Amino acid sequence: NGLVRHYYLRNRPEQGDLQVNLAPKHDRHRSSHDIALEARELLEGLDAPEGTVIRVAEIPPGPPVISTLLAEIYGPDAETRRAIATEVRRVFDEVDFIVDTDDSFGQPRPRLRFAIDQDNLEFLGVEQQAVYDTLTALMGGVSVGYSHRGEGRDPIEIAVRLPLDRLQVNEWLLATPVPSATGIVELGEVVEVTREPSSYPIFRRNGRFAEMVMGELAGAYEAPIYGMLAVEDALAERGLDIEVRLHGQPAYASSPILLWDGEWEITYVTFRDMGAAFAVAILAIYLLVVGQFSSFKLPLVILSPVPLTLVGIFAGHWLLGAPFTATSMIGFIALAGIVVRNSILLVDFIRHRRSADVPLRAVLLEAGAIRITPILLTAAAAMVGAAFILVDPIFQGLAISLLFGLASSTLLTVLVIPAIYVLLRDDHRPLEEPPAPADAEQPG
């Protein structure tokens with residue numbers, strides 16, 4: 001997570017980390033996410049200098065990303081990109097459930113520039129290398145060797161350098177002696193010190209210039225899609241002329257482009273691949289059922305309960321307040337095979353039991369009465385197995401899909417399959433046909 005978020009690049013004195021190690025789960029009554037939410041509330045009112053950015057980083061349950069909500073800004077030049085990114089960050093700050101906002105360029109920090117006064121340098125007979133060596137020793141120190149004592153993996157550097165409280169450009173520092181051809185001169189006589197803003201950092205995404213606007217989600221919504229929709233609505237209200245892309249890095253940006261990345265990219269790729277896998281699975285099941293029943297229409301009846309699982313899946317996620325994740329999609333795909341098995345049990349019994357002597361509706365009722373037991377046992381066994389992973393933070397979506405999807409599909413399958421049979425192949429015969437008259441003519 002630290003590598004992906006570029007924490008290893010934070011080596012400046014104004015940057016720092018505070019790591020909080022949590023006790024084992026059985027020693028605390030709150031989840032790590034609840035603790036992170038409280039930590040963010042406690043840090044919200046912290047007295048900090050202007051421009052300070054405080055971010056609460058959690059260890060992600062899935063693949064790490066630079067930020068949960070990440071907007072990549074592309075444009076023709078750096079000024080345009082930074083202007084658009086600044087406006088987008090303002091929108092991030094206005095959305096109440098987007099927190100810990102930041103960007104990739106920040107605020108330029110002041111920088112000291114030491115420039116050699118060439119005229120004085122030649123007049124006083126000072127070599128440029130002598131000035132460079134003096135500045136290097138003053139500002140960075142001089143390494144004189146290493147100590148290999150002890151059992152440490154790395155040797156200890158022995159260096160001569162000024163203490164941190166003396167690293168100030170003042171009269172004392174500028175009075176440092178510098179050797180010259182005629183004797184000793186002061187450093188301030190051969191250099192000029194000026195203050196200037198430092199340049200913006202250069203950020204590239206896959207080799208293309210971009211600026212990043214980052215944020216986390218906490219509060220009403222924690223899925224990136226809600227933050228994306230809120231930001232896009234706010235940008236439209238401001239009349240900001242910017243193209244919004246959901247996937248695919250632009251090869252060239254002659255105008256401003258906003259590309260959503262972060263957890264959305266992982267979600268998009270995962271659901272795209274899962275959707276393709278689901279289509280292949282449905283096609284394979286269809287072909288198997290076609291081979292079994294020698295019909296192209298009957299497999300469609302058998303597959304009709306598959307979408308009914310979504311009724312329970314969405315209801316379960318809504319009741320438990322859980323987001324629809326990639327594992328939820330995996331559960332939906334897995335349910336296709338279980339639900340089709342229940343449909344096959346019904347259809348196979350109906351085909352074998354149906355005859356000219358028995359009305360279709362009577363066969364449908366008999367099929368439901370006889371096959372309901374194995375259907376319920378199959379669903380109950382899968383639901384019991386899924387209940388054990390309901391509290392897992394990663395596989396909770398899978399458990400919800402299996403539990404609620406099976407419950408809804410099992411109940412609806414025994415109703416939908418007979419209803420479709422009645423709609424398509426009803427013989428319009430009552431459940432019990434009246435007996436033939438006693439004096440009716442018997443065939444000879």
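Helices here are DSSP runs of H or I covering at least four residues, and strands are runs of E covering at least two, numbered from the N terminus. With that in hand, welcome to this predicted model.

## The whole chain

The chain contains 12 helices and 13 strands. Its C-alpha atoms fill a box of roughly 145 × 55 × 40 Å along the principal axes. How does the radius of gyration of the chain stand beside that of a compact globule of 444 residues? The globule would have a value near 22 Å, but the chain has 36 Å.

Of the 444 residues in the chain, 33% are buried. The chain exposes about 27100 Å², and carbon and sulfur atoms supply 58% of that area. Take the contacts between residues at least 6 apart in sequence: 70% of them join residues at least 24 apart.

## Helix 2 and E87

Helix 2 has 17 residues and reaches 24 Å from its first C-alpha to its last, close to the 24 Å expected at 1.5 Å a residue. Its buried residues are R81, R82, I84, A85, E87, V88, V91 and F92.

Is E87 buried or exposed? E87 has a relative accessible area of 19%, so it counts as buried, the cut-off being under 20%. Leaving aside residues up to four places away in sequence, E87 touches R238 and L240.

Several elements cover the buried residues of helix 2, including strand 1 (69-74), strand 2, strand 10 (208-209), strand 11 (211-217), helix 6 (224-238) and strand 13 (257-262).

## Helix 4 and its buried face

Next comes helix 4, residues 128-139, with 12 residues. From its first C-alpha to its last it reaches 17 Å, close to the 16 Å expected at 1.5 Å a residue. Which residues of helix 4 are buried? They are A130, V131, T134, L135 and L138. Seen down the axis of helix 4, these buried residues fall within an arc of 130°, so they line one face of the helix.

The buried residues of helix 4 pack against strand 3 (110-116), helix 3 (118-124), helix 5 (171-174), strand 6 (177-180) and strand 8 (191-197). Just after helix 4, G141 takes a positive phi of about 85°.

In soluble globular proteins, nonpolar side chains tend to be buried together. In this model, the largest nonpolar core has 38 residues, and V347 and Y421 are those with the most contacts inside it. Helix 7 (263-293), helix 8 (298-303), helix 10 (326-353), helix 11 (360-387) and helix 12 (396-425) each supply at least two residues of this core. Which helix gives the largest share of this core? Helix 10 does, with 11 residues.

Not counting residues up to four places away in sequence, V347 touches F293, L298, I302, I417 and Y421. Apart from this core lies another, of 22 residues, among them A85, I98, V213 and L258. A85 is also one of the buried residues of helix 2.

## Positive phi away from glycine

Most residues other than glycine have a negative phi.

| Residue | Phi | Relative accessible area |
|---|---|---|
| H6 | about 65° | 26%, partly exposed |
| D100 | about 55° | 12%, buried |

H6 is found in the segment before helix 1, while D100 lies in strand 2, residues 98-103.

## Q15, before helix 1

The segment before helix 1 (32-44) is also the place of Q15. At 33% relative accessibility, Q15 counts as partly exposed. Which residues does Q15 touch, not counting those up to four places away in sequence? They are L9 and R10. Q15 and T52 are 37 residues apart in sequence, and their C-alpha atoms are 9.8 Å apart in space.

Technical notes. Residues are numbered from 1 along each chain as its sequence is written. This is a predicted model: local features need pLDDT of at least 70, side-chain atom pairs count only at pLDDT 80 or more; totals for chains, interfaces and linings use all residues. Side-chain values use heavy atoms; hydrogens and water are left out. Buried means under 20% relative accessible area, exposed over 50%, partly exposed in between (1.4 Å probe, protein chains only). Contact means heavy atoms within 4.5 Å. A nonpolar core is a set of buried Ala, Val, Leu, Ile, Met, Phe, Trp, Tyr and Cys residues joined through side-chain atoms within 4.5 Å. The expected span of a helix is 1.5 Å times one less than its number of residues. The arc is that of the directions from the helix axis to the C-beta atoms. The radius of gyration is taken over C-alpha atoms; the globule rule is 2.2 Å times the number of residues to the power 0.38. Accessible areas come from the Shrake-Rupley method with a 1.4 Å probe; for residues, only the protein chains shown count as cover.
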